[in-house]
Amino acid sequence: MAYVAVTGGKEAIEQSLKLLELFRESGEDITVSCIKENMRLLVDKIMSEAGFYSEEYAALALKQCEGSVEEAVFLLRAYRSTLPRNYYSSPVDTREMRLIRRISAAFKDIPGGQILGPTYDYSHRLLNFSLLEERPDSINHESEDETLSDLSGDDIYCGRVTDLLRAENLLKEVPEDNTEPFDVTSNLLTFPAPRSARLQTFARSDAGFLGGVAYSSMRGYGAVHPTVSELRCGYVEVCVPYVLDETETLCIGEILVTEVEALVPSHTETADEFDKMTLAGGYGMIFGRNENKAIAMSIADASLETEGNTPSQDQEFVLTHGDSLEMSGFISHLKLPHYVTFQSKLDRVREKEEA
Amino acid sequence: MIDTKHYNFAFLDEGSKREIRRSILKAVAIPGYQVPFGSRELPIGRGWGTGGIQITLSIIGKEDVLKVIDQGSDESVNAVNIKKMVEECTGVEITTDSEKATIIQSRHRIPEIPMRNDQILVLQVPTPEPLRIVEPKESVTKQMHAEAEYSGMWLSLFEDLTLYDKISISSEYPTMVENRYIMNPSPIPRYDNRKLNDSETLYLFGAGREKKIYAIPPHTKVESLFFDDVPFETENFEGKSCRLCGATGVFLDEIVDEATGEKVYECNDTGFCKGRRDRQHGNTNFKN
């Protein structure tokens, strides 16, 4: 059957799927709950890029695809398409976040205190070879009584750092905007995009892409080198309107999020404006413990408020090229046969040679 | 079949399908206009035909008969993959016979046998915006369409002429719909462009990644862009014929014969070619 290049597709796909299954099954058992409990940050990354909050399904997706981030995001996004969308949640007030970590780079001390919480920031990145031998039963806490439940104290809640600045009129006054948010998952973005659409798009964006955009802006292709007013990580309640009584809301669960507020001096051109200079903010909010992405998001957000010709200041550029699914889909489609279009190209090239 | 406990008929939830059908209706009402829609993610790669698949999934019913082709071939891996997905979540009958199909989904080709008014051709589109080659920004191209400001496009064709003495666009050759909208016919060869004009059938175009749907209803005027003194040209297969069924005047694939090293040709539309060969062998019960 060598005379038709693309015949036998069905058999080939079946065999390919069988091979994939062989690659996936290592013989060593790894359960979904094991991935969920041990690969938390990876699970968080998947949930954030998928725009789908379920630690269990994210872990399941990872198990199913040999740990590929884009494949796992893909699986969750596809599953998301099958679910009816019954509600939009009520706005979340992050002042009511049950904190596990909260820092401010803007002030030495803040009301409520700096709470370092779990972070790799001050760990030394030395490969810990003792983990090669670690077994669940051999985990030895430094002292006998230091278990996670002993470490936990009272729940921590505190106000935001920006509330202080706002009280001093140092923050740019932003009027309250209660227009219905734009839903990027069921509408095509149009430009200029409303801020709600920008923030949603960034929140689901590929972490690497968003990091690159933010980095370029900080390094000089753009103007945003912000101060992190506050980075907080913790649990917030998600509520939806109660069907039988619109004034009531129903709590449907808790999600872990990272929130960042970054501050940059507002743009001034005249001396008069300089005197009235205030601070403007960039905002980042990401599912899970996802700090760099949240900071990158706040920079990307702030960058779109500035004028200029760099990539990070170009709305259409940054909002249309950062989606994991879209970029990996379009790049991978080049593996599909293109012989008809190529035949047309050959036809044109040959004519030119003959001419 | 995929399990019905976790998945709906035709994969998408009913609300999503209804939403997509509304966009399709709008597209039919404004031929050639790109209707934005809330493109859903599918279990198949974005950029692999998800716009077409979303249209197919939204319009398909249990009685439909589906044919899927990729680059003219029923057997191509992508066609097989899409058929498998739709079959698994709908259970509809799948065929390779373009005359038996009620819905044909295709990438990069329009079948050789003219389609009827009780059939729908769904085309997959990577880049729906025909003006993208002259203007990268969506906000600007949208305005250009609104004002029918197409001088940039004509100028780019003219520049091509001055540089190469010919228009160098190979496939995905831009068309004018009802003298109003310039439309990207999807990456079909130039040879297929004329089939869009005054057709019996409904053409639906879906771009999943770019979140656009557009349509050519039956008997719509669709012209490939040309200048009065420079006629539109299609691919040239003069003097060549299919080595399997002998067909001439069809779009051919160029293949190098491994044994002789010679260039040979075969029908690109594999369903059409198989049908011809079956009839030549007196087999009139042509099925799958």
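Student: What should I know before reading on?
Tutor: This is a predicted model, where local features need pLDDT of at least 70 and side-chain atom pairs count only at pLDDT 80 or more, while totals for chains, interfaces and linings use all residues. Residues are numbered from 1 along each chain as its sequence is written, chains are lettered from A and ligands numbered from 1 in the order in which they are written, and side-chain values use heavy atoms, leaving out hydrogens and water.

Student: Why does B:Arg46 count as buried?
Tutor: Buried means under 20% relative accessible area, exposed over 50%, and partly exposed in between (1.4 Å probe, protein chains only). B:Arg46 has 2% relative accessibility, so B:Arg46 counts as buried.

Student: Which side chain makes a polar contact with the side chain of B:Arg46?
Tutor: That is the side chain of B:Ser39, at 3.0 Å. This value is within 3.5 Å, so the pair meets the distance rule. B:Arg46 is also in contact (heavy atoms within 4.5 Å) with residues of chain A, among them A:Leu325 and A:Phe330.

Student: What makes the pair B:Glu41 and A:Arg77 a salt bridge?
Tutor: The rule asks for a side-chain nitrogen of Lys or Arg within 4 Å of a carboxyl oxygen of Asp or Glu. Here the closest N and O atoms are 2.8 Å apart, so the pair qualifies. Across the interface of chain B and chain A, the rule finds 8 salt bridges.

Student: Which side chain meets that of A:Asp323 in a salt bridge?
Tutor: A:Arg77 again, with 2.9 Å from N to O. Between domain 1 and domain 2 of chain A, the count is 1 salt bridge. The domain assignment, automatic or from a database, gives domain 1 as 9-80 and domain 2 as 94-120 + 140-324.

Student: How much area do chain B and chain A bury between them?
Tutor: About 4,700 Å², 56% of it on carbon and sulfur atoms. Buried area is the accessible area (1.4 Å probe) that two parts lose on being put together, summed over both. By the same definition, domain 1 and domain 2 of chain A bury about 1,300 Å².

Methods
A polar contact is a pair of N or O atoms within 3.5 Å; within protein, one must be able to donate a hydrogen and the other to accept it, and residues adjacent in sequence count only if both atoms are side-chain atoms. Lists of a residue's contacts leave out its neighbours within four places in sequence.
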